[in-house]
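Student: Let's walk through this one together, please. Start with whatever term I need for the loops.

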Amino acid sequence: MNARMRTALPLVMSAAIACSASMAQAADLEFYFPVGVNAPAVATIEQLTNAWAAQNPQHSVKAVYAGNYEETTTKALTAAQAGDPPQVAVLLAIDIFTLIEEDVILPISDIATSDADKAWIDSFYDGFMVDTMFDGKVYSIPFQRSTPVFYYNKDAFRAAGLDPEVTPATWDEMVEMGKKLTVKDSNGNVTQWGTRIPNLGLAGAWLFGGLVKSKGDGLSTDTGTEARFNTEAAKASLEFLQRLADEEVMAPGGITWGDTPKAFLEGQAASIWTSTGNLAFINENAEFDWGVGFLPGGDGPGAPVGGGNFYIFKDITDEERDAALDFVRFMTTPENQAIWSMATGYIAPSQAAWETPEMQAYSERLPQALVALEQMPHAYREFATFQRARVTQYLVDAIEGVITGGTDAATALAEAQEKADEVLGEYR
Amino acid sequence: MSDGLNRIAFATVAFVLAAVWGLPFLYSVWTAFHPEKYSANFVWNAPLTLSNFTEAWQAAPFALYFLNTVILIVTVLVANLILCTLVAYAFVRYRFRWAGFLFSLVMVQLLISPEILIVENYLTLSTIGLTDTIIGIALPYLTSAFGIFLLRQTFLTVPKSLDEAAQMEGAGAWRILWTVYVPLARPVYLAYGLVSISFHWNNFLWPLIVTNSPEVRPVTVGLSVFATVESGIEWSLVNAATLMTTAPLIIAFLIFQRQFVANFMRAGIK
């Protein structure tokens, strides 16, 4: 060891020690989030992330708006593949299989191991935890979750001679009441349809999952390798949609998701099947007496759940990982769930959140919000498999083929099943 | 007589096309200036409002986004004009080995959609540390196969005799480019500039993916906040935001309309 090195070494070592001391705690987090509801959501996210940063001055967090769900997933995957992943992101719950296949996320149950951590994971409703699990591990934490409910115009019910406090519970009742609710003008043109179920695109497939659930089946399972399209339940569900159009309860042909709340507000539909995420919007804009009920079901109630969860990414430092976990825990405290739920209309995913004074006051002010919660035990996971985008598209094509093209339900579903099996076969 | 009929037929077609093009625009103006409940409800005395614009303006830091978009498109346009001109000039004026092959390589690039390259481009930017910068957004677009192609075809139409005359007068390669080729290609430059500006003004996915900070993001990212599919679409807000973000382009077109049209006509006649 020469003289120069001897003097240099202590210097380097002390510098290294000083450096690691300041690094021990600090982490700079990047948090990607999508926006699916009206713009104030961005402000609320920022308010919550700033509150966490204020409590943890050694850390910093940058909330990065990343477009809609699909764009956020693309962005997160692109960044992860380039070795530059965000530490935390809110992505679709059903993207779990894609994220596992790309090997970019950490199982949260592997890093949240203390008793307090376990109690936290257990605090969420089971209905929202089903799609966070794979192979016995929890991969995500519920955050912005939603489920569709049946919104109805009480004034229209009264005008049709129906009890405004009773919603149709079964498909038969839906058809029967829907016929009374459909109003035509003197020329025979329909001015108000009995109900409106979006049936196009991914939203159509989402609601379709609820119909299938109400017939006692599910479109996918927790293995991620099974699509169950060619079933009696799926066939009955598709036939129900056709029957609504045939019996003039619902407009024939394709029905879009985005314009559904508006059709309700403008009186073109006496009832609609759409997300709880619309509660605030409809509450602000409805000029009539309205209510919310369970979705009418085939054999019993049934609904899909949807929305986004927190994921923590791989290839991050230990400090970042600990900070990310702490951040997710902070964002999902009962108080913060309440703030988020009230700002956006998403369902707070734990019992504790609903017991906070703020949520109590909120549900008194807007009792319709409670209906979704009561419907939760009847809800089933949204369709999710490996290669989700492709496989879901087969289902969408089948539904749209029947609705708009007049294809036979059994044929369309069998074809979708065949294609799905071909894709999923290699994952089994 | 048939001349008059022709004129009437042309006018009718023109009006129909104008209406097809103009109606969505008129609809967005209507909804943007009225409360949400009049968005599909056309009543003449519906109350006018500017609140959609104020609400939209506050939903994202639009002033900053506008500045970023302007910096972005100016950077891209200036780089494109310089680089494409030089490349096209070389292809037209010099005979060199592999020229045909190189030009077809440039053409092949036209077949590749930029979306396919997002991951690779991100990787490159992240290696050189340029993610989350405006220059990073611009980098993959600094030169353009379309621009090279367009200018090469235009330069080819320049009569050889003009070039030779300039050479006789003792003009060098730079001077010939600047005094002969560029002035003759002016309409093409204008057309290309228009296409390039509107493309980069509208570009969304790439800037969204490659940036994280509001300080470098363009207007389209701000606009996308309003595309809230989950909770129904509020057309008045969406359209107010859209009008606001496209206004500079529309105003610029109205101001320079005469030049645009004149130049396109001239380019077309050639």
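Tutor: Helices here are DSSP runs of H or I with at least four residues, strands are runs of E with at least two, and both are numbered from the N terminus. Keep in mind that this is a predicted model.

Student: What's the phi of B:Asp132?

Tutor: For B:Asp132 phi is positive, about 65 degrees, and the residue isn't a glycine. Most residues other than glycine have a negative phi.

Student: Which residue in chain A has a positive phi although it is not a glycine?

Tutor: A:Gln387 does, with a phi of about 50 degrees. This residue sits in the loop of chain A between strand S15 (379-380) and helix H19 (388-405).

Student: How many other C-beta atoms does A:Gln387 have within 10 Å?

Tutor: There are 19, so A:Gln387 comes out as partly exposed; the buried class needs 20 or more. B:Asp132 also has 19 other C-beta atoms within 10 Å, and is partly exposed.

Student: Let's zoom out. What does the secondary structure of chain A come to?

Tutor: Chain A has 20 helices and 15 strands.

Student: What box do the C-alpha atoms of chain A fill?

Tutor: Roughly 105 × 50 × 35 Å, along the principal axes. As for burial, 50% of the 428 residues of chain A count as buried. Taking contacts in chain A between residues at least 6 apart in sequence, 74% of them join residues at least 24 apart.

Student: Which domains does the domain assignment give for chain A?

Tutor: Domain 1 is 27-146 + 306-370, and domain 2 is 148-304 + 387-427. Over C-alpha atoms, the centres of the two domains of chain A are separated by 29 Å. Where they touch, domain 1 of chain A gives 18 residues and domain 2 of chain A gives 15.

Student: Which elements supply at least two residues each on the domain 1 side in chain A?

Tutor: Helix H4 (96-101), strand S5 (133-134) and helix H18 (368-375) of chain A. That side of domain 1, where it touches domain 2, divides into 10 nonpolar, 7 polar and 1 charged residues.

Student: Now helix packing. At what angle do helix H10 of chain A and H19(A) pack?

Tutor: About 85 degrees, with the axes 9 Å apart; H10 there covers residues 201-214 of chain A. Angles of 65 to 115 degrees count as roughly perpendicular, so that is how H10(A) lies to H19(A).

Student: And which residues make that contact between H10(A) and H19(A)?

Tutor: H10(A) brings A:Gly201, A:Leu202, A:Gly204, A:Ala205 and A:Phe208, while H19(A) brings A:Thr392, A:Leu395, A:Val396 and A:Ile399. By class, the contact of H10(A) with H19(A) has 6 nonpolar, 3 polar and no charged residues.

Student: Back to chain B. How many helices and strands?

Tutor: 13 helices and 0 strands in chain B. Here the radius of gyration is 23 Å, well over the 18 Å from the globule rule for 270 residues, so chain B is more spread out than a compact globule. Its C-alpha trace spans about 70 × 70 × 30 Å along the principal axes, and 29% of the 270 residues of chain B count as buried.

Student: What share of the contacts in chain B with a separation of 6 or more comes from residues 24 or more positions apart?

Tutor: In chain B that is 76%.

Student: Which helix is B:Phe260 in?

Tutor: B:Phe260 is in H13 of chain B, residues 235-269. Leaving out residues up to four places away in sequence, B:Phe260 touches B:Leu190, B:Leu194 and B:Phe253. B:Phe260 has 16 C-beta neighbours inside 10 Å, so it counts as partly exposed.

Student: Last one: where is B:Phe199?

Tutor: In helix H10 of chain B, residues 186-202. B:Phe199 is partly exposed, with 14 other C-beta atoms within 10 Å. C-alpha to C-alpha, B:Phe199 is 9.1 Å from B:Ile73, and the two are 126 residues apart in sequence.

Notes. Residues numbered from 1 in each chain as written. Chains lettered and ligands numbered in written order. Predicted model: local features only at pLDDT ≥ 70, side-chain atom pairs only at ≥ 80, totals over all residues. Buried ≥ 20, exposed ≤ 12 C-beta atoms within 10 Å, placed from the backbone. Contact = placed C-beta atoms within 7 Å. Domains from an automatic or database assignment. Nonpolar A, V, L, I, M, F, W, Y, C, P; charged D, E, K, R; others polar. Axes fitted to C-alpha atoms, helices over the stretch in contact; angles between N-to-C directions. Parallel < 35°, antiparallel > 145°, perpendicular 65-115°, else oblique. Rg over C-alpha atoms; globule rule 2.2 N^0.38 Å.
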